[in-house]
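Please open the model in a viewer and keep the selection tool at hand.

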Amino acid sequence: MAIGLFIAIPVLAIIVYLFYGTGEMWQHITTYFLWDYLKNSLLLLVGTGILTFLFGTSAAWIVCTYEFRFRRIIEWLLFLPLAIPSYIAAYAYVGLLGNGGSLMALLQSVGIPIQKIEMMNIWGLIWVLSCSLFPYVYSCARAVFKSFPTNIRETSYLLGASNRKYFFSVVLPMATPAIIGGLFLVFMEVLNDYGAAKYYGINTFTTGIFRTWTALEDLQSAVYLSALLVLMVFLINGLLILWRGKRSFTLRLSQSSASQAKRKPLPLGKQGLYLGIVAIPLVFGLILPITQLIYWAYLTFESMFTLQLFWIAAQSFGVALIAAACVVVAAIAITYFSSWNHLKGIHLFKKVAVIGYVIPGAIIGIGIIRSSQTIIDFFADALYLKIGFLFYGSSVILIYAYVFRFLAVAFNPLEANSLKLGKYLSESSYLLGIGKLKTLLTVELPLLRNTLLSAFLLVFIDILKELPLTLILKPYNLQTLAVKAYEYADDERVSEAALPALVLIGVISLLMIVLNFGDKQLLPTKASDEKHVSH
Amino acid sequence: MINRLLTVVFILLLASCANNTPAEQEEKEITLYTHRHYDTDQAIFSKFEEETGIKVNVVKANADELIQKMESEGDQSPADLLITVDAGRLVRAKSKGLLQSAESEVLEQTIPAHLRDTDNQWFGLTKRARVIVYDKNDVDPEELSTYEALADPKWKGKILIRASGNIYNQSLLASIIANDGEDAAKEWAGAVTQNMARSPKGNDRDQVKAILAGEGDLAIINTYYLGRLITSEDSLESAAGNAVSVFFPNQDDRGTHVNISGIGVAKYAPHKEDAIKFIEYLVSEEVQKTFAEANFEYPVNPSASSAELLESWGAFKEDNLPLTKLGELNKEAVITFDEVAWDNGPDAN
């Protein structure tokens, strides 16, 4: 309860704003741009929803089901598009496909007469966002597919189901809750995107919020627009829950030693097709943009490569690591406290806490500064304590902001998968007289390890890329890679932004290697899945 | 694994705490909130530190966010100075009571009156001219004259300019409102929208690249972006930069529209004296020359020499409209842009 309240502070600050009424520009907003912006945002949601679903689910299924060359590497490379901030990918695409772009030049040199592919429109934006965001769906789907017990597959085959039928009528429905969780994250990111939309000249809800706030100088109406956005999120969330329906399956983890399905070799004749399906998101989400970034980094290497860059990388890494750990712990706390104590209000808090993901970062930033100012004033007036330095001189407030902002990223898959886990294990544990906390630590969390790790990773990546909150709340001695890259891009020096962006991608890959490969135990093997169940 | 992770987290926590202890209380320092993201600025700050022993703490973010931040922090704000990249935001900061007057003879003597606030609450540091660049091959500069003339239907399908969210477009329209009146400005914006080669997108550099690709003949951009294009390592960018020439509009009447990057002393500045010293340093001939050479901005200090490239474009007459006006009319400019549906570009035919 207290955690819920604590986390909800910025939302409360924003709610207070709502009571002041709409600002003076409201009339202008509804007359001139509201519907346009709404239309664009919806189109973006539908487009990216379809594409990320296709990219993420198909790729996840193929890497989880089949064995092929470089499968392990491809499996984790598919996470990496997330490491490229979408606005950087948006620039990279124009650098590749725009007038005289590097890919265009290459094609022309081999005799294909193509001037450019116009990216700077809504379809281009849908493409770029889908290519950089599909890993959310991929990672959620993959986590489910990986923990799929073999006995289900065997049963389906015994009952005469074809491969296709098995996928569409067994696997997909069972994986739906998790995939929906991933899609939700994609939608939130799309709604929150500012840089890419602005660069491509597409007016969306979020660009409208910024325009209202900064250019029309009407914070009041901007907050109202944010509230509308939050409403839209609830609507989407509601629709998704409807879609999910009663599909919360309780998977009985297999008791046999063959709980983890063995991968099959790719079916002959379809190798090209399957590899193509995996290659599309990989090429367009990762290889193409990275190649452009490398080219830019090469052009600017001399002026950009400094020792300071390493120091900045280390700082980004440290802050993101701490904050991501905090986010995961908070997500666990909320998931389990709410299932332990059937408090009436807790479900509301769950909702409130996760909307941090959709409110534009800058607005959250303001909410947090406003509320922390109140706290500082309180300490100064009532207790004669000057705690301002805690807020402005350290990263405490920034980390708190990250927790608020990214709770949904960890919370959604965690909740979905703990539902999937069902209650029978924990209940057996309670029957054996083991306390709730101990059960959580020794039974539930170990079983959710894959989910927790992928949640941690997603949050970590998100924090590394985060911009508006970092800009507003970071202490001046803190430098992050995302901020560095942004400063150059904002100044129209995209090629200078490439090296910090590449280092960012490097840092993220490094962590993924440590988490996924350094520790063999982390690879879901039958032995480790088994161990905890047989306690 | 989890243990290992926890250990790392713990160590990092300790390290971050150690980092943040306010040990250097006694040291002289100023805190600067700035929207300028240039590496050369950092070099200038370091030099200032070296010469005066005053440490410069820098917080970089967008001016709008910095202004919000100062507003929220109130009298506990650590900010001594605010730097923006346009006059409008300084005017806004002033009207919100976030700045204070800085009395300095040096500043009054160095900076021309129309480039600073009447109450000395803010001062211009560098100038940016918003000019017309045209395709060297396709456009005869004799055909160009004023911003107003871009509304002529002969430019239909030829003009490249970015979206209305951009502050420099807002300032330009604000200056046209100030000079020609509200109705004329709206008519102008509507006509230019219909003359656009495409719906507005991308940044200033992209407009020039689109000229190279033959998508349009004219672009309205800030001078320093052209400077950077011409000197870019990227062959495509330098080709784009070299494909166009600069035209300074309105030379026969009010002059070309200029905006500034400027600075003001914060209302609750803990180190006012050092802050003023810092501004004086920034407008000194030497630093002004660095601004010009490294970033292709025009110095505000008339005695500072400009970059060679800038000089090659020739001297020009600038609009002496007090910049305060730009701030006051900014919102009106944005509203006008919305009313003529600037961002939707020309109507489809």
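Which residue stands opposite B:G262 in β9(B)? It is B:T84. Before this pair is placed in its surroundings, two remarks on conventions are needed. Residues are numbered from 1 along each chain as its sequence is written, while chains are lettered from A and ligands numbered from 1 in the order in which they are written. The model is predicted, and for that reason local features need pLDDT of at least 70 and side-chain atom pairs count only at pLDDT 80 or more, whereas totals for chains, interfaces and linings use all residues.

**First selection: strand β9 of chain B**

Select residues 258-266 of chain B, which form strand β9. Helices (H or I, at least four residues) and strands (E, at least two) are DSSP runs, numbered from the N terminus. In β9(B), 9 of the 9 residues are buried, so the strand is largely enclosed by the rest of the structure. A residue is buried if 20 or more other C-beta atoms lie within 10 Å of its own, exposed if 12 or fewer, and partly exposed in between; the C-beta atoms are placed from the backbone.

- Strand β3 (residues 81-84) of chain B pairs with β9(B) in the antiparallel sense over 4 bridges.
- Strand β4 (residues 99-100) of chain B is also an antiparallel partner, over 2 bridges; here B:Q100 stands opposite B:V265.
- β5(B) runs antiparallel to β9(B) and is joined to it by 7 bridges; here B:K127 stands opposite B:I260.

In a regular strand the side chains alternate between the two faces of the sheet.

Move to residues 285-295 of chain B, helix α12, where B:V287, B:Q288, B:T290, B:F291, B:A292 and B:N295 are buried. These buried residues pack against several elements of chain B, including β5 (122-135), α2 (39-52) and α11 (272-282). Just after the helix, select B:F296, which takes a positive phi of about 55°.

Show both chains. The contact takes 49 residues from chain B and 48 residues from chain A; two residues are in contact if their C-beta atoms, placed from the backbone, lie within 7 Å. On the side of chain B, the elements that give two or more residues are α1 (2-20), β2 (55-60), α3 (63-73), α8 (204-212) and α14 (323-339). The residues of that side divide into 20 nonpolar, 14 polar and 15 charged. In this division Ala, Val, Leu, Ile, Met, Phe, Trp, Tyr, Cys and Pro count as nonpolar, Asp, Glu, Lys and Arg as charged, and the others, Gly among them, as polar.

Select residues 86-97 of chain A, helix α5, whose 12 residues should span 16 Å at 1.5 Å a residue; the end C-alpha atoms are 16 Å apart, which agrees. The expected span is 1.5 Å times one less than the number of residues. In α5(A), 12 of the 12 residues are buried, so the helix is largely enclosed by the rest of the structure.

Then go to A:L502 in helix α24 (residues 494-518) of chain A. A:L502 counts as buried, with 21 C-beta neighbours inside 10 Å. Leaving aside neighbours within four places in sequence, A:L502 is in contact with A:L293, A:I294 and A:A297.

In the loop between α23 (481-490) and α24 of chain A, find A:E492. Its phi is near 60°, a positive value in a residue other than glycine. Most residues other than glycine have a negative phi, and most peptide bonds are trans. Is A:E492 buried or partly exposed? A:E492 is partly exposed, with 19 other C-beta atoms within 10 Å.

How values were computed: Pairing = 2+ DSSP bridges.
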